[in-house]
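Please read them alongside the structure.

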Amino acid sequence: MKLFFWLISLCFSFLISTHPAAADTVVARNVIFCPTLAGDIGEGETGLANFNDSSCEEVPFWKLDPQQRQIWVKATLNVTDTLLASEKPLGVFVWAKASSEVFLNGQRIGQNGTPASDKDGEIPGRMDAVFYAPRDLIRSGENEIIIRMSSQHGFIHFAQPVHFIALGEYANPTSMILAAIWPSLIPFGALIAGAL
């Protein structure tokens, strides 16, 4: 039975890892995160979290864990001139098992559910969300994305609840995931058949 669950976990990880990113999509790798378990960490100059607080640390995005707490996350993304020249609308992608509120270069651009420091205050969000990014907020070079997120309602604890943080051409997250998964169904079927 353990082998079966291990195999399913491996297959699921393979499918998740195939999420697409267009050539000009800027993906967050390392981020600064601040936990807010003991109340708010205070406000910085922008009225958002104070990322100079001693409780904040730099980690790879996949190590973020908003489960049973609220956290603040800051990602600095280097936007290319090619992406800015695109005629398509742009968006900030936050794929995570969490509610989230997103700020781009200090301006709030939307929220998915309502993040909060406790279960009563949180409204759960969708697993995959994209937020329209107005072009007048985006500049060539470094752009700052700040996310307040929490996941107070889950009954299953995930090892890696944050899957993807990026800035790129606006697209429906479901369509992007399906476009990535379809080609992997044949090897996935072969893997299941081999396991059986």
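1. Are Cys 34 and Cys 56 buried or exposed? Cys 34 is buried, and Cys 56 is buried as well. Buried stands for under 20% relative accessible area, exposed for over 50%, and partly exposed for what lies in between, with a 1.4 Å probe and protein chains only.

2. This is a predicted model: local features need pLDDT of at least 70, side-chain atom pairs count only at pLDDT 80 or more, and totals for chains, interfaces and linings use all residues. Residues are numbered from 1 along each chain as its sequence is written, and side-chain values use heavy atoms, leaving out hydrogens and water.

3. The structure holds one disulfide (a pair of cysteine sulfur atoms within 2.5 Å). Cys 34 and Cys 56 form it, with their sulfur atoms 1.9 Å apart. Cys 34 lies in strand E2 (residues 30–35) and Cys 56 in the loop between E2 and strand E3 (57–60), so the pair ties together parts that are 22 residues apart in sequence. The torsion about the S-S bond is about 110 degrees, so the disulfide is right-handed. Strands (E, at least two residues) are DSSP runs, numbered from the N terminus.

4. Four strands make an open sheet in the order E1-E10-E5-E8, with antiparallel pairing; two strands pair if DSSP finds at least two bridges between them. Strand E1 (26–27) and strand E8 (128–133) are the edge strands, each pairing on one side only. Strand E5 (residues 90–96) pairs with E10 over seven bridges, and Val 92 stands opposite Leu 167 in E10.

5. Phe 155 lies in the loop between strand E9 (141–150) and strand E10 (162–169). Phe 155 counts as exposed because its relative accessibility is 79%.
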